[in-house]
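Open the model in your viewer and keep the selection tool at hand. This tour goes stop by stop and says what to select next.

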Amino acid sequence: MASRIANFIRPDPTPKRKPTKSKDYLAFIHELPCCVTGRYGVEAAHLSFASPRYGHYGRGKGSKVSDRWVLPLHPGEHRRQHGMSEERFWSAIGIDPHLLALVIHGIWSDLGEDAVPFATAIINQTLADAGALRSRDEA
């Protein structure tokens, strides 16, 4: 039996859809710790730079991104994210923000209100993997 390889089709770089917004999801995000510092009292920080590998095509001119691409950031980190190249911000921290956003959104989609401890554990593990918990404890 011969196998086939799918034809490569280059999609339009920015799909023409209104972004999905969810007040319930944003309320959930506000219950989580910051995914950079582990501190509470976060803001919902939308990722604006594209990562087609994960299905995020960025923002079109004058448009917003779906709430799927939001992460909890402490206000100081949120300002820092917007004050520099967003890609450089996440790269310096050592976190893949698109993957983390997808995982957190997936857990919330599956578990709803019960997702907070699971998402918190994932954020803490992500911080540990990036070396952020070690640095914070040593400081």
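Select helix 2 (residues 75-82) and helix 3 (residues 86-93). Their axes come within 7 Å and cross at roughly 125°. Axes here are lines fitted to C-alpha atoms, for helices over the stretch in contact, and angles run from 0 to 180 degrees between N-to-C directions. Helix 2 and helix 3 are therefore oblique to each other. On this scale, angles under 35 degrees count as roughly parallel, over 145 as roughly antiparallel, 65 to 115 as roughly perpendicular and the rest as oblique.

Now show the side chains between them. Helix 2 brings Glu77, Arg80 and Gln81, while helix 3 brings Glu86, Phe89, Trp90 and Ile93. Contact means heavy atoms within 4.5 Å. Sorted by class, the residues where helix 2 touches helix 3 are three nonpolar, one polar and three charged. The classes work like this: Ala, Val, Leu, Ile, Met, Phe, Trp, Tyr, Cys and Pro are nonpolar, Asp, Glu, Lys and Arg are charged, and the others, Gly among them, are polar.

Some ground rules before moving on. This is a predicted model, where local features need pLDDT of at least 70, side-chain atom pairs count only at pLDDT 80 or more, and totals for chains, interfaces and linings use all residues. Residues are numbered from 1 along each chain as its sequence is written, and side-chain values use heavy atoms, with hydrogens and water left out.

**The whole chain**

Zoom out and color by secondary structure. The protein chain has six helices and two strands. Along the sequence the pattern reads α-β-β-α-α-α-α-α. Helices (H or I, at least four residues) and strands (E, at least two) are DSSP runs, numbered from the N terminus. Of the chain's 139 residues, 39% count as buried. Buried means under 20% relative accessible area, exposed over 50%, and partly exposed in between (1.4 Å probe, protein chains only). Among contacts between residues at least 6 apart in sequence, 70% join residues at least 24 apart.

Step to His74, in the loop between strand 2 and helix 2. Is His74 buried or exposed? It is buried, with a relative accessible area of 16%. Its side chain and that of Arg39 are joined by a polar contact of 3.1 Å. A polar contact is a pair of N or O atoms within 3.5 Å; within protein, one must be able to donate a hydrogen and the other to accept it, and residues adjacent in sequence count only if both atoms are side-chain atoms. Leaving out residues up to four places away in sequence, His74 touches Cys34, Thr37, Arg39, Tyr40, Gly41 and Val42.

Select Thr37 next. This residue sits in the loop between helix 1 (23-29) and strand 1. Thr37 counts as buried, at 17% relative accessibility. A polar atom of the Thr37 side chain lies 3.2 Å from the backbone nitrogen of Arg39.

**Asp67**

Go to the loop between strand 1 (43-46) and strand 2 (70-73), where Asp67 is placed. Asp67 counts as buried, at 3% relative accessibility. Which side chain joins that of Asp67 in a polar contact of 3.4 Å? Select Lys21 to see the partner. Other residues that Asp67 touches include Thr20, Ser22, Tyr25, Leu26 and His46.

**Helix 4 and helix 5**

Select helix 4 (residues 97-111) and helix 5 (residues 116-129). Their axes come within 10 Å and cross at roughly 165°. Helix 4 and helix 5 are therefore roughly antiparallel to each other. Show the side chains: Leu100, Val103, Ile104, Ile107 and Leu111 of helix 4 meet Phe118, Ala119, Ile122, Ile123 and Thr126 of helix 5. By class, the residues in this contact of helix 4 with helix 5 are nine nonpolar, one polar and no charged.

Stop at Ala115, in the loop between the two helices. Ala115 is buried, with a relative accessible area of 0%. Not counting residues up to four places away in sequence, Ala115 touches Phe28, Ile107 and Trp108.

Finish in helix 5 with Pro117. Pro117 counts as exposed, at 54% relative accessibility. Ala121 also lies in helix 5, and counts as partly exposed at 44%.
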